[in-house]
Amino acid sequence: MKSLESLSDLFNKYVFRIPEYQRGYAWKEKQIHDFWNDLMNLDISRNHYTGMISLETIDKQNDKQGWNSDDNWIFKYKEEACYVIDGQQRLTTSVILIFSILKFCRANNINNLNDISLDDIDNKYIKVTQEGTIFNTLYIFSYINDKASKEHLEYKIFEKENPGELEQTVYTYNLDKAKEIFSNKIEELYRKSGNNIKVIEDLFSKLVNNFKYNVFEVNNDFDVYIAFETMNNRGKKLSTLELLKNRLLYLISVLSDNPSYQRQLRNIIISSWTEIYKQLGRNKDVKLSDEDYLRYHWNMYFPYTGTRGVNYVTDLLGRRFTLGTFRLNNDLVYIKEYIDNDDEAIEEDNFEVEKENIKEEKKTKSWDVEIIEYVDSLKESAKYYYFINDPDSKVIGINISTEEIAWIKRIKRLGFVTFIPMIMSLLKHADKFSKDKRIELLETIENTIFIVYRCSEAFSTYKMNPIYTAARNLYYEANIDNCINTVKEILNRIKPRFGEYFKNKMTKFIESGKGFYSWSELRYFLFEYEQHLREFDSQYRSFLLEDKYFLTSRDKDKVSIEHILPQTANETYGYWLNQVRGYSEKEINILTNSLGNLLPLSQSINSSLQNDSFEEKKKYRDGAIGYENGSLSEREVAKYDNWTPKSILDRGLKMLDFLEKHWDVKFYNRKPNETEEEYKNNRRKTMIDFLGLSFVNDKRDIPEEYIVIPKDELVFYDDKDNKRNLSHVFNNYWVNLKYYKIVKKLKEYNIDFIQVNNRYGWADLLKVFDDGKFTKFATFRFKNQIDYLEVNLPKANDDEIKQYIVNSDSDIEVVVNALLNAYNKETFGDNVTFKKITDTIEEMIQEGIEAGKKELVISGRDVQNRLGLKNSGPRMYEALNSIFNKNYDVVVDETLKNRLVYSIKFDLNYRKR
């Protein structure tokens, strides 16, 4: 172990190469940002320990991996060439940042950093050009054998000219992201400093001088493959696929003593891994998981045991591809090896079982053939895995019909990964089967996923063993009939009791209050229902809901699930409140989240109209496309004249009819000797019960419609003649005036003041209809707009109302009478009379006059405290007004009057009338 060294020290001496067994550049945004933050937080006068770098010196003349001896001229500039065993992520990140700094400086006409020319920096850290040539350029940091990473680093990152077409992998995307991040951060750093070059110089200096590393050099005979697998990787944990590549390269180096054959096998593995990562990274937006892929391929390629404690990691690295496995004369014996993951280690009690299982597998191939066949399969299957995840793409070697692609897309949308190995096997042998057979298998898979695993309560592990076994048989034996029969057997075990299983599942959702809206396959079902409607309506195709806009999480902003009856129906006013009047809050919630009330809203619909009336939702207005011009599902809804609970039930039943026919299932199985009419009635009753909407057909008294007022009429002028509109208070649309009847009744008794809690805007509402004429009364509050009102009164003994349900005119009479009774009490509070209050106010005024005050403020709280009252109430306000308006010339401070009921400010000339 050497003392701590800087990048400047290292690049003075070495040419660096990333060896074949190493993965590519794997750092993501988090690690890159952490690296940058370490630089930013480091004081220029201090050093920062950055980690360990392990290097193997290259035998330049006899190197196994392919060092080009024609490039030995570079050692005129550098002492040694080395392979990076550990630390390549940090080194790669560093050279990308160095190049980004150089590029920034050149773009801003900066020629030196800390008195070092940019060309000298370039020659030290990036590339060297042989003297006497202009083309022979060697990059100081690069890759061996990883063609995609090597070319991408040189052409795209270091901007070598004429790149041509380059291969893309998940690693090359990471290289691009690092360069993009650093370029943006350098620009931002320079701009925020006021274009001060010193911040760039300090950044460069800290990177190459202050970041310190432990450098560990190993000998040429050091087993670098074992070292790579066991060293601590601080930046980002190696994936199993990356470890497997290294393990295979290690086995080749030990099991073969022929250097030429070793090189041939290594090239097969390296080129195969390049192709695998190319397929996994083809979609730049959605990179596929190498761990997932390796697991699916393992399920397809090797026998599935289902033994507890054994998974693809322990099987591949701890059992199949070990030195002991291949050395013992092709007799496959389990060699238990340490795997650096406690969760994945094989449990002790399963060890002997697995040992016996593995002995039963007769190994008839040599070690090299077994490795080559496995690697070839892994490489070939990668394109099938990519196609399953992106069925619209063009993949060489996959030629199937549009109808088959549609079924694969359905399976992908359902997202049940257990069948991926089976579909990969199908695609491998697609040309061996008829189109009809391929479709039969895909359709059976889709039916099984939806019916067994999505509509019933079957666990994801249900019948996993036969599914994987059938997938493997399809892969090796190309027996599609056996595969179809296996899947159909699983499906047919559930179908006879489908209605029972699905109801049990959905009843839990309904009882939880979430209903069908929380069903995970709702979007899938609604999309299939949309496609079903195409059979009856092929017009206006521009507004049809398409697959690419519908189901993936990335596209949820494009299509949402609309509640036609709004989720706030029991809190809003007017139209929707009237549609559900007479139903309890729980029933309204069930209706809102019922299947028939849920509508996929196409991208062109303005979702801000979600609380409009049904007629407004249907029509095109204000630039928003209504249901009548939307998707097929929207246009079906628009055919209803009105949207009531019965409408929701009717549409829900239509959708269940579709589900039965489309997936060939039954919610109700016809009984022996049941007449056609009995069957229809019982089936309908069962489906209504399944929806949880049996209460819709109950015979109940429906209250009269609530009084509603259009929002345009909710306008009044406040005390300062400012025009105000109350539509924002009442959910933008309508106002329920059920309680306004109470106010009207009170006016009949010549009560001229009502103090109303303004939480819901009721005080302002009264001003609209009553011109603010009320001047006295008690306080009451509408705590919930539908269910009840809460009345706060002065002490009124048994006549005080705390809560009262108001549904009818008779209820209104009860409330009005109670309010009148409280109002007419001679006393309130602690039996303090009204006269006592007014006398006290007079005393306080006289005290102010005698004290010679120029201005006097008397609040209700002041009077209340002097009298020892616990509550002042509206009578206090009335008393204050009564005294001052009667006896004095008063200027009232309107600000205080409007803000505080009990406080009035007086500017007195002390003139008694």
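A: This is a predicted model. Begin with H15, which has a kink of about 25° centred on Ser381.

Q: What span does H15 reach from its first C-alpha to its last?
A: Helix H15, residues 367-389, reaches 33 Å over its 23 residues, close to the 33 Å expected at 1.5 Å a residue.

Q: At what angle do H18 and H21 pack?
A: Helix H18 (residues 435-455) packs against helix H21 (residues 498-511) at about 50°, and their axes are 9 Å apart. H18 is therefore oblique to H21, since the angle falls in neither the roughly parallel class, under 35 degrees, nor the roughly perpendicular one, 65 to 115.

Q: Which residues make the contact?
A: H18 contributes Ile451, Arg454 and Cys455, while H21 contributes Phe498, Tyr501, Phe502 and Lys505. By class, the contact of H18 with H21 has 5 nonpolar and 2 charged residues, and no polar ones.

Q: Which residues have a positive phi without being glycine?
A: Most residues other than glycine have a negative phi. Ala478 has a phi near 55° and is found in the loop between helix H19 (464-477) and helix H20 (480-494). Asn673 has a phi of about 65°; its loop lies between helix H27 (645-663) and helix H28 (676-691).

Q: What pLDDT does the chain average?
A: The average is 75, and 66% of the residues score at least 70. Over residues 230-235 the pLDDT is below 50, and this stretch has 12 contacts in the model beyond near neighbours in sequence. Residues 552-557 also stay under 50, with 4 contacts beyond four places in sequence.

How values were computed. Residues are numbered from 1 along each chain as its sequence is written. This is a predicted model: local features need pLDDT of at least 70, side-chain atom pairs count only at pLDDT 80 or more; totals for chains, interfaces and linings use all residues. Side-chain values use heavy atoms; hydrogens and water are left out. Helices (H or I, at least four residues) and strands (E, at least two) are DSSP runs, numbered from the N terminus. The expected span of a helix is 1.5 Å times one less than its number of residues. The bend at a residue is the angle between axes fitted to the seven residues ending there and the seven starting there. Axes are lines fitted to C-alpha atoms, for helices over the stretch in contact, and angles run from 0 to 180 degrees between N-to-C directions. Angles under 35 degrees count as roughly parallel, over 145 as roughly antiparallel, 65 to 115 as roughly perpendicular and the rest as oblique. Contact means heavy atoms within 4.5 Å. Ala, Val, Leu, Ile, Met, Phe, Trp, Tyr, Cys and Pro count as nonpolar, Asp, Glu, Lys and Arg as charged, and the others, Gly among them, as polar. pLDDT is the predictor's confidence in each residue, from 0 to 100.
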